[in-house]
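Biologist: Please show me the structure, so that we may go through it by question and answer.

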Amino acid sequence: MSAVVVLGAVFLIASLPDGTRLLAKRPGWSWLEGPGEASAALKAALPPVASLLTWINYALAAYLVALALVSWRHKRADLVRWGLGVLVVSTFVLHGITWLFVLGRFLVRLFVAFVRGAVGLIALVGTAINEYVIQPVVGLFVFLLGDLVWIGVLIVVVVVLAILGDTWPKHLKRTMLIVGVYSVVVGVVVGIALGLRSLFGLISGRFWQVVASIGGTVLGCLLAAVVCWMVGRLFLDQIRSGAHAGSGRRGVVMGAIAVGSTLAVLMLVGNVHGAYALYPAGVEAWARAVVLSDAPKLDATVTLLVIGLCVLGVLRNLGRMRAEPSVEEFHRSLIFTIIGVYVAGSIAALDKETSN
């Protein structure tokens, strides 16, 4: 686990050179100055994005050729069909999600408008009933009975109870039970809160400042470790998917998802081949303001690395078809891929913010 955390930390530092150098200027973080400078030097030493995109096109063509060769060698046309289909879907899934988001927002607004209309109609009906039914009846009782109007109320209650019959006591008991349990729970929570407040009041504020400082530091370190571990696991999962690519149907699907997801992220953070034209106008404006990078060199390098590993993973099955990955491995890879897309977008947004 420690190796995965270190790998994730290295990947984050390489992805966030400006953010790392800004963090190194804060008290207690000066040890990040060297890694930040190394990350900036790495970013400057990488080839231009145009060259990387050219090599990505070559690698993608090699991946498709390798997939076709393995399918032909083992006489399994389903492999190339699944590979091409999943590759297309996983590459453009982000674009589809943006349109689903726009559709979902429209449906939510439509539902809210419907609820508001229904509430308004109910309020209108209630006002009409109160004005034309309840008020005249109450006025009639007051006119006929005067100070004895409570007798009319009692008659109405008796009539309602007689109509409800045996169902009312059951509902009443259930309601009283729920109210009683709720009251006990609220009382216990309030009592504990008041007791803790009194207990904390006996201790000096300086002590709580120290506790908050230590707790915040520990919590921050744990959160950083979790983030680094997650990023490291995501990177290793991409490599694992490349190693399994071409090993049966599940392996082909895993490899195609790995290739397509990295291409999708690259299109998101770099507007590669004018991908933003496929987004809705609002999403395009958000992407340009939040995640668009002028030179996504590292993202393109990672994409090229993943596609290259998938090419090797497919070709290693050319002589002998290896056992396909298990269902558990496939599900884990799918989950990590979904999480990885969001993590990559967050890293791109943080890199843009810190570089500005």
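Modeller: Ala295 is found in the loop between helix H11 (281-290) and helix H12 (297-315); helices are DSSP runs of H or I with at least four residues, numbered from the N terminus. This is a predicted model, in which local features need pLDDT of at least 70, side-chain atom pairs count only at pLDDT 80 or more, and totals for chains, interfaces and linings use all residues. Residues are numbered from 1 along each chain as its sequence is written, and side-chain values use heavy atoms, with hydrogens and water left out.

Biologist: Is Ala295 buried, exposed or partly exposed, and with what relative accessible area?

Modeller: Buried means under 20% relative accessible area, exposed over 50%, and partly exposed in between, using a 1.4 Å probe and protein chains only. Ala295 is partly exposed, because its relative accessible area is 28%.

Biologist: Which residues does Ala295 touch?

Modeller: Contact means heavy atoms within 4.5 Å. Leaving aside residues up to four places away in sequence, Ala295 touches Lys43 and Val49.

Biologist: How are helix H2 and helix H3 arranged, roughly parallel or roughly antiparallel?

Modeller: The axes of H2 (residues 17-24) and H3 (residues 33-45) come within 8 Å and cross at roughly 160 degrees. Axes are lines fitted to C-alpha atoms, for helices over the stretch in contact, and angles run from 0 to 180 degrees between N-to-C directions. Angles over 145 degrees count as roughly antiparallel. Therefore H2 and H3 are roughly antiparallel.

Biologist: Which residues of H2 and H3 make the contact?

Modeller: On H3, the contact is made by Glu33, Gly36, Glu37, Ser39, Ala40 and Lys43. On H2, the residues are Pro17, Thr20, Arg21 and Ala24.

Biologist: What kind of aromatic pair do Trp55 and Tyr58 form?

Modeller: Rings of Phe, Tyr and Trp (its six-membered ring) pair if their centres lie within 6.5 Å; planes under 30 degrees apart count as stacked, over 60 as edge-to-face and the rest as tilted. Trp55 and Tyr58 both lie in helix H4 (residues 49-73), 3 residues apart, and both are exposed. Their rings are 5.8 Å apart centre to centre, with 85 degrees between the planes, and the pair is edge-to-face.

Biologist: What kind of pair do the rings of Tyr276 and Tyr279 form?

Modeller: Tyr276 is buried, with a relative accessible area of 1%, and Tyr279 is buried, at 4%. The ring centres of Tyr276 and Tyr279 are 5.5 Å apart and their planes stand at 40 degrees, so the pair is tilted.

Conventions
Helix = DSSP H or I, 4+ residues; strand = E, 2+ residues; numbered from the N terminus. Parallel < 35°, antiparallel > 145°, perpendicular 65-115°, else oblique.
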